[in-house]
Amino acid sequence: MTTEMGKLIKAAIAEVNKCALVCRYYADHAEEFLSDEPVKTEAEETFIRYEPIGPVLAVMPWNFPFWQVFRFAAPALMAGNVGLLKHASNVPQSALAIEAIFRDAGFADGEFQTLLITSEQVQQVVNDDRVKAATLTGSEAAGASVAGMAAKQIKKSVLELGGSDPFVVMPSASLDDAVSAAVKARIVNNGQSCIAAKRFIVHEKIADEFEKRFVAAMQALKIGDPMDESTEIGPLAMPQIIQDLDQQVQRSVAAGAKLLTGGKRLGDRGNFYAPTVLSNIPHDSPAACEETFGPVASLFRVRDAEEAIRVANETKFGLGASVWTRDRQEAERFIDGIESGQVFVNAMVASDPRVPFGGVKHSGFGRELGVYGIREFVNIKTVWIATLA
Ligand code: NAP
């Protein structure tokens with residue numbers, strides 16, 4: 001992962017450990033999640049049975065080359081399906097290593113297969129009668145395309161797409177904790193995560209102090225070689241990402257946003273972009289309404305919780321949300337009011353094998369992980385035995 005897409009070595013090791021965790025989780029719980037479930041009716045016996053559906057195609061992104069695959073494959077294979085992986089074209093070595101891991105773990109030949117194919121060849125696989133469903137993690141455009149192919153063949157799909165997650169800070173929050181989590185949440189995976197916090201929505205009473213500390217912390221980050229254990233931000237995965245990101249920053253500044261720090265690439269070797277913070281952001285500029293896939297943070301000031309919820313929802317995405325408040329009632333308003341697949345209070349958004357993960361709006365549909373993840377690619381069969389007498 002580090003040599004293919006620039007992930008920090010310490011993050012790569014943590015990612016592999018998390019993959020082991022999701023495998024253990026489903027090894028321990030799949031039997032319970034997929035056992036026959038009795039239902040009380042007037043029949044002698046009624047129950048729900050969960051059956052495998054067959055080969056499932058997974059089209060995956062490069063940003064978490066192992067984790068994205070394992071969080072699909074561990075539940076899908078434990079449910080008795082076959083996994084077919086079309087990985088992003090810039091991480092073929094990760095793709096082949098994952099196939100080898102399944103082989104070494106004792107899975108039969110073909111139970112998990114890496115297909116070294118282009119995105120143009122995906123349609124052929126989706127159209128194949130033997131393939132029963134498709135899941136895609138990636139951009140909106142790719143998701144819409146693959147879900148469209150599946151729909152034409154009357155096959156199920158799950159989509160895990162982009163995000164522009166809000167990170168809301170209210171006056172009752174611990175500012176120390178909120179600032180340190182805000183930095184971590186923005187720079188996770190060198191800023192290239194669907195659930196990285198991208199829009200920081202701060203109550204006006206604490207906005208000046210938050211801004212001062214957040215900008216200082218972003219400026220203090222250690223940037224450099226991803227193989228060095230002490231590096232905090234490494235390079236972006238591809239030159240194109242820097243170009244796109246810089247364009248988004250420049251267009252936002254041209255539209256009236258204020259550049260508080262960063263806003264430029266660093267050095268002339270490697271794909272390094274300076275940690276960047278923008279404020280005074282017009283609501284229709286890229287920093288407000290597009291996904292920024294790199295270390296660029298957008299700051300917004302709000303008067304109260306209602307305005308914070310309105311700004312949080314001013315996006316086509318709805319993946320995660322992080323809310324910082326010590327007021328339980330206020331927390332409840334955010335939990336109900338924010339349109340997202342997950343809300344984390346006083347913590348940064350993260351995926352965890354025990355709880356479902358997924359989005360609403362243009363962030364996709366369906367869920368991975370938890371009990372819901374393992375039930376996405378099964379036939380939920382109703383069995384009704386009126387009487388045996
Ligand atoms: P991407 O360009 O959409 O690529 C994702 C995968 O789709 C790759 O395997 C790619 O193959 C394939 N693909 C692209 N266009 C396709 C098409 N028309 N038909 C079939 N397959 C196609 O996304 P990315 O740049 O790798 O990943 C970044 C995006 O993923 C961000 O938007 C991020 O937010 C999102 N993401 C979401 C989650 C989540 O859980 N919600 C997690 C991680 C990332 P090639 O590489 O061969 O083009």
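Trainee: What volume does the largest pocket have?

Mentor: Keep in mind that this is a predicted model. Residues nearest the centre of the largest pocket include Pro61, Trp62 and Gly138. The volume of the largest pocket is about 1,100 Å³.

Trainee: Which element gives the largest share of the lining of the largest pocket?

Mentor: Elements with two or more lining residues are helix 3 (67-78), strand 6 (133-137), helix 6 (140-152) and helix 9 (239-254). The largest share is six residues, and these come from helix 6.

Trainee: How many charged residues are in the lining of the largest pocket?

Mentor: The lining has 45 residues. By class, 22 are nonpolar and 15 are polar. The charged residues number eight.

Trainee: Which helix gives the most to the lining of the second largest pocket?

Mentor: That pocket holds about 750 Å³ of space. Of its 28 lining residues, the closest to the centre are Ala11, Phe64, Val188, Asn189 and Met348. Helix 2 (9-34), helix 3 and helix 7 (175-187) each supply at least two lining residues. With five residues, the top contributor is helix 2.

Trainee: Met348 came up there. Which backbone oxygen does the side chain of Ser322 reach?

Mentor: Ser322 sits in strand 14 (residues 320-324). Beyond four places in sequence, Ser322 touches Pro166, Phe167, Val168, Phe344, Ala347, Met348 and Val349. At 2.7 Å, its side chain reaches the backbone oxygen of Ala347.

Trainee: Is Ser322 buried or exposed?

Mentor: Its relative accessibility is 2%. The cut-off for buried is under 20%. Ser322 therefore counts as buried.

Trainee: How many cavities of 30 Å³ or more does a search of the whole structure find?

Mentor: The largest cavity has a volume of about 110 Å³. The search finds cavities of 30 Å³ or more to the number of three.

Trainee: Which helix gives the most to the lining of the largest cavity?

Mentor: Phe72, Pro75, Gly373, Glu376 and Phe377 are the closest to its centre among 15 lining residues. Helix 3 and helix 13 (370-374) each supply at least two residues. Four residues come from the top contributor, helix 3.

Trainee: Which strands give two or more residues to the lining of the second largest cavity?

Mentor: Residues lining this cavity include Asp165, Pro166, Phe317 and Gly318. By class, the lining has five nonpolar, four polar and three charged residues. The strands are strand 8 and strand 13 (317-318).

Trainee: Why is helix 11 (residues 305-312) described as largely enclosed?

Mentor: Its buried residues are Ala305, Glu307, Ala308, Ile309, Val311 and Ala312. Their cover includes strand 8 (165-169), strand 9 (197-203), strand 12 (296-302) and helix 12 (328-337). Helix 11 is largely enclosed by the rest of the structure because its buried residues number six of eight.

Trainee: Which members of the largest nonpolar core touch the most other members?

Mentor: Take Phe112 as one of them. Leaving aside neighbours within four places in sequence, Phe112 contacts Val69, Ala73, Leu77, Gly83, Leu85, Ile98, Glu99 and Phe102. The core has 72 residues, and those touching the most other members are Tyr26, Phe72, Phe112, Ile201 and Phe334.

Key. Residues are numbered from 1 along each chain as its sequence is written. This is a predicted model: local features need pLDDT of at least 70, side-chain atom pairs count only at pLDDT 80 or more; totals for chains, interfaces and linings use all residues. Side-chain values use heavy atoms; hydrogens and water are left out. A nonpolar core is a set of buried Ala, Val, Leu, Ile, Met, Phe, Trp, Tyr and Cys residues joined through side-chain atoms within 4.5 Å. Buried means under 20% relative accessible area, exposed over 50%, partly exposed in between (1.4 Å probe, protein chains only). Contact means heavy atoms within 4.5 Å. On a 1 Å grid over the protein atoms alone, a cavity is a set of points where a 1.4 Å probe fits but cannot get out, and a pocket is an open set with protein on both sides within 12 Å along at least five of seven lines; lining residues have an atom within 4 Å of a point. Grid points are joined across faces, edges and corners, and a volume is the space filled by probe spheres set on the points. Ala, Val, Leu, Ile, Met, Phe, Trp, Tyr, Cys and Pro count as nonpolar, Asp, Glu, Lys and Arg as charged, and the others, Gly among them, as polar. A polar contact is a pair of N or O atoms within 3.5 Å; within protein, one must be able to donate a hydrogen and the other to accept it, and residues adjacent in sequence count only if both atoms are side-chain atoms.
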